[in-house]
Amino acid sequence: MKLLLVEDSERLRQTLRHGLQGAGFTVDAAQDGMEAKGFLGSYDYELVVLDLMLPRLDGIAVLRGLPSGGRRPRVLVLSARDQVSDRIEALNAGADDYLVKPFAFDELVARLHALSRRPQQAQPVVLSHGALSWDPLSQSASVNGHPLGLTPREFAVLGLLLRHRGRAFTRLEILERTAGSDSDVSDRSVEVLVFGLRRKLDAAGLTGLIETRRGAGYLIP
């Protein structure tokens, strides 16, 4: 899942970014509200972790500027402001959840997974397609119960295609959704990534699961 982290404390931002990447999220990080606005205008995110007390543009303004409809991400506010009035203001501005600092990192991850199960189109925690099972909580994929042994990026690509079955994704779209915006890898690397993923699926008996549509990209029909 692609996530935008908005936090002005550099130390906390870097700690959270590292931890969330370790938990399986693809993370972009912004240090103030204006930078967050730029990210949100350029990329699609499924989740946003948002501080409220931000330089240049505060968190409430960021919330009110979020797109409506299908492109709107789920937002968890992570703030030291702990008054009931603060929570009410954020929720009324469009936040989906509110966690007060200091907090337990495991609770943050659990809340983010809970939000991801509450999108515009509800999806099960574990995605299945025939003998294939993809579990975002354990960061594992298996065929008939046997682990596939995927790398984190292979796991992310497989999840993307499973969550949007029938939709083709170009190399650039896959890169944007499975790598941070500051990644220096090229969209050509997606070919190598999909090749390795296909080889593991083929070895597990799922030959041809990922199709290539000329001029459209990769998909699982």
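Colleague: Which helices each supply at least two residues of the lining of the largest cavity?

Modeller: In this predicted model, helix 6 and helix 7 each do so. Helix 6 gives the largest share, namely four residues. Sixteen residues line the cavity in total, and the closest to its centre are Met1, Lys2, Glu46, Ala156 and Arg163.

Colleague: What makes this space a cavity rather than a pocket?

Modeller: The term cavity is used because a 1.4 Å probe fits at its points but cannot get out. The structure holds two cavities of 30 Å³ or more, and about 140 Å³ of space lies in the largest cavity. By class, its lining divides into seven nonpolar, five polar and four charged residues.

Colleague: How much space lies in the second largest pocket, and which residues are the closest to its centre?

Modeller: The second largest pocket holds about 320 Å³ of space. It is lined by 21 residues, and those closest to its centre are Gln21, Gly24, Gln139, Pro152 and Arg153. Helix 1 (10-22), strand 2 (26-30), strand 8 and helix 6 (152-163) each supply at least two residues of the lining. The largest share, four residues, comes from helix 6. The lining of this pocket has 10 nonpolar, 10 polar and one charged residues.

Colleague: Why is helix 7 called roughly perpendicular to helix 8?

Modeller: The axes of helix 7 (residues 171-178) and helix 8 (residues 189-203) come within 9 Å and cross at roughly 80 degrees. An angle of 65 to 115 degrees counts as roughly perpendicular, and helix 7 is therefore roughly perpendicular to helix 8. The contact is made by Arg171, Ile174 and Leu175 of helix 7 together with Ser189, Val190 and Glu191 of helix 8. Those residues divide into three nonpolar, one polar and two charged.

Colleague: How do you know whether Asp86 counts as buried or exposed?

Modeller: Its relative accessibility is 12%. The limit for buried is under 20%, so Asp86 counts as buried. The residue lies in helix 4 (residues 84-93). Leaving aside neighbours within four places in sequence, Asp86 is in contact with Arg81 and Tyr98.

Colleague: What makes Arg56 exposed?

Modeller: Arg56 has a relative accessible area of 64%. Exposed requires over 50%, and Arg56 is therefore exposed. Its place is in the loop between strand 3 (47-50) and helix 3 (59-64). Arg56 also has a positive phi of about 70 degrees although it is not a glycine.

Colleague: Why does Asn144 count as exposed, and where is Asn144 found?

Modeller: The relative accessibility of Asn144 is 59%. Asn144 is found in the loop between strand 8 (140-143) and strand 9 (146-147). Its phi is positive, at about 55 degrees, although Asn144 is not a glycine.

Colleague: What kind of peptide bond joins Lys101 and Pro102?

Modeller: The bond is cis, with omega at about -5 degrees. Pro102 has its place in the loop between strand 5 (97-100) and helix 5 (105-116).

Technical notes:
Residues are numbered from 1 along each chain as its sequence is written. This is a predicted model: local features need pLDDT of at least 70, side-chain atom pairs count only at pLDDT 80 or more; totals for chains, interfaces and linings use all residues. Side-chain values use heavy atoms; hydrogens and water are left out. Buried means under 20% relative accessible area, exposed over 50%, partly exposed in between (1.4 Å probe, protein chains only). Axes are lines fitted to C-alpha atoms, for helices over the stretch in contact, and angles run from 0 to 180 degrees between N-to-C directions. Angles under 35 degrees count as roughly parallel, over 145 as roughly antiparallel, 65 to 115 as roughly perpendicular and the rest as oblique. Contact means heavy atoms within 4.5 Å. Ala, Val, Leu, Ile, Met, Phe, Trp, Tyr, Cys and Pro count as nonpolar, Asp, Glu, Lys and Arg as charged, and the others, Gly among them, as polar. On a 1 Å grid over the protein atoms alone, a cavity is a set of points where a 1.4 Å probe fits but cannot get out, and a pocket is an open set with protein on both sides within 12 Å along at least five of seven lines; lining residues have an atom within 4 Å of a point. Grid points are joined across faces, edges and corners, and a volume is the space filled by probe spheres set on the points.
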